[in-house]
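Please keep the sequence and the coordinates open while reading.

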Amino acid sequence: MIMDKKSKISITIDPQSGFCPGVVRAISTAEKQLQTHETLYCLGDIVHNGQEVERLAKAGLVCIGQDEFGELHDTTVLLRAHGEPPSTYRTAEKNNITIIDATCSVVLQLQKKIKNAYAANPDAQIVIYGKIGHAEVVGLDGQCDNKAIIIESEEDLDKVDFNRAIILFSQTTKSIETFNRIVTRIKQSIPDTTSFTYHDTICRQVANRIPNIRQFAAHYDLILFIAGEKSSNGRILFDECRKINMNSHHISDVKEIRREWFKNVKTVGICGATSTPKWLMDNAADVIKNF
């Protein structure tokens, strides 16, 4: 806890917020590689946080897209925690690209489960609860030749044929509560003759942050939630903050902090997503103290 003596505002940074283990591993791998590489390519933003991407860019990390990746030859590329589809590895082999694979171990296990389920059940529908276009989901879909049915909510279940076998998985950072509601809806909608198998593949390192963030948000006059605009996990966690504490503000950069938010505020809680660096939350606390 930090007490600003001038303004008498008590500031607390949530010790449970910040990088998840998969992101920590990816960033530490990049930092280690940059000690011997003047420039290192990374396929996609290494983390969905602009400030952390910028920090690593200054150290020599160059984030590229799929089109640029396809043009590279005879070089080294880091794969971030989100994971990649098999096509990425085929391109690397074809173009003599050395892959440094920092895919999260939880994501790797999920990819393997989907690949095995698809191979063993060619007539079944592989359904993935996740965000369409999200890097992790793209990698998961690739395990079944991009034939998965991607659903973002219960409302998307109209994409599923309830008369055909269904195998359900989830993106690792999604809501357990919504996943369970989807399972219930499918059970209620299918006839007795339809085979339905579901796998709760949500990472508990991430899922457990929801009850924690609810408890944290309830203890302060104002919540400052920090996460990049691209962070799917960040949007979920901030929504949970707002449900508990309406005086919650979502920022991606400390420049967005407004002095007027803190009028008549005595306690401030600072928290963030699994893609939010600790140093950014520290910077936010410093900005508030300097008011």
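## Enclosed space

The count comes to 1 cavity of 30 Å³ or more, where a cavity is a set of points, on a 1 Å grid over the protein atoms alone, at which a 1.4 Å probe fits but cannot get out. Grid points are joined across faces, edges and corners, and a volume is the space filled by probe spheres set on the points; on that basis the largest cavity holds about 40 Å³ of space. The model is a predicted one, in which local features need pLDDT of at least 70 and side-chain atom pairs count only at pLDDT 80 or more, while totals for chains, interfaces and linings use all residues. Residues are numbered from 1 along each chain as its sequence is written, and side-chain values use heavy atoms, with hydrogens and water left out.

The lining of the largest cavity consists of T173, K174, S175, V206, A207, I210, N233, I236 and L237, lining residues being those with an atom within 4 Å of a point. Two or more of these residues come from each of helix 8 (204-207) and helix 10 (232-244), and helix 10 gives the most, with 3 residues. Helices (H or I, at least four residues) and strands (E, at least two) are DSSP runs, numbered from the N terminus. By class the lining has 5 nonpolar, 3 polar and 1 charged residues, with Ala, Val, Leu, Ile, Met, Phe, Trp, Tyr, Cys and Pro counted as nonpolar, Asp, Glu, Lys and Arg as charged, and the others, Gly among them, as polar.

## Helix 2 and E52

E52 lies in helix 2, which spans residues 50-58, and counts as buried at 1% relative accessibility; buried means under 20% relative accessible area, exposed over 50%, and partly exposed in between, with a 1.4 Å probe and protein chains only. The side chain of E52 is joined to that of R55 by a polar contact of 2.7 Å, a term for a pair of N or O atoms within 3.5 Å in which, within protein, one must be able to donate a hydrogen and the other to accept it, and residues adjacent in sequence count only if both atoms are side-chain atoms. Beyond its neighbours within four places in sequence, E52 is in contact (heavy atoms within 4.5 Å) with F19, I27, V47, P277 and W279.

Q51, E52, V53 and L56 are buried in helix 2, and the buried residues of this helix pack against helix 1 (21-34), strand 4 (61-64) and helix 11 (278-290). At the start of helix 2, a side-chain oxygen of N49 comes to within 3.2 Å of the backbone nitrogen of Q51, whereas the helix is followed by G60, which has a positive phi near 115°.

## Cysteines

With a disulfide taken as a pair of cysteine sulfur atoms within 2.5 Å, the count comes to 0 disulfides. C104 is in none, as the nearest cysteine sulfur, that of C203, is 6.0 Å away; C104 counts as buried at 15% relative accessibility. The sulfur of C241 lies 4.1 Å from the closest cysteine sulfur, in C271, and is therefore too far for a bond, while C241 is buried with a relative accessible area of 0%.

## Positive phi in two loops

D74, a residue other than glycine, has a positive phi near 55° and sits in the loop between helix 3 (66-71) and strand 5 (76-79), where it counts as exposed at 58% relative accessibility.

N264 is not a glycine either, yet has a positive phi of about 65°. The loop that holds N264 runs between strand 12 (248-251) and strand 13 (267-272), and N264 counts as exposed at 72% relative accessibility.

Definitions and conventions. On a 1 Å grid over the protein atoms alone, a cavity is a set of points where a 1.4 Å probe fits but cannot get out, and a pocket is an open set with protein on both sides within 12 Å along at least five of seven lines; lining residues have an atom within 4 Å of a point.
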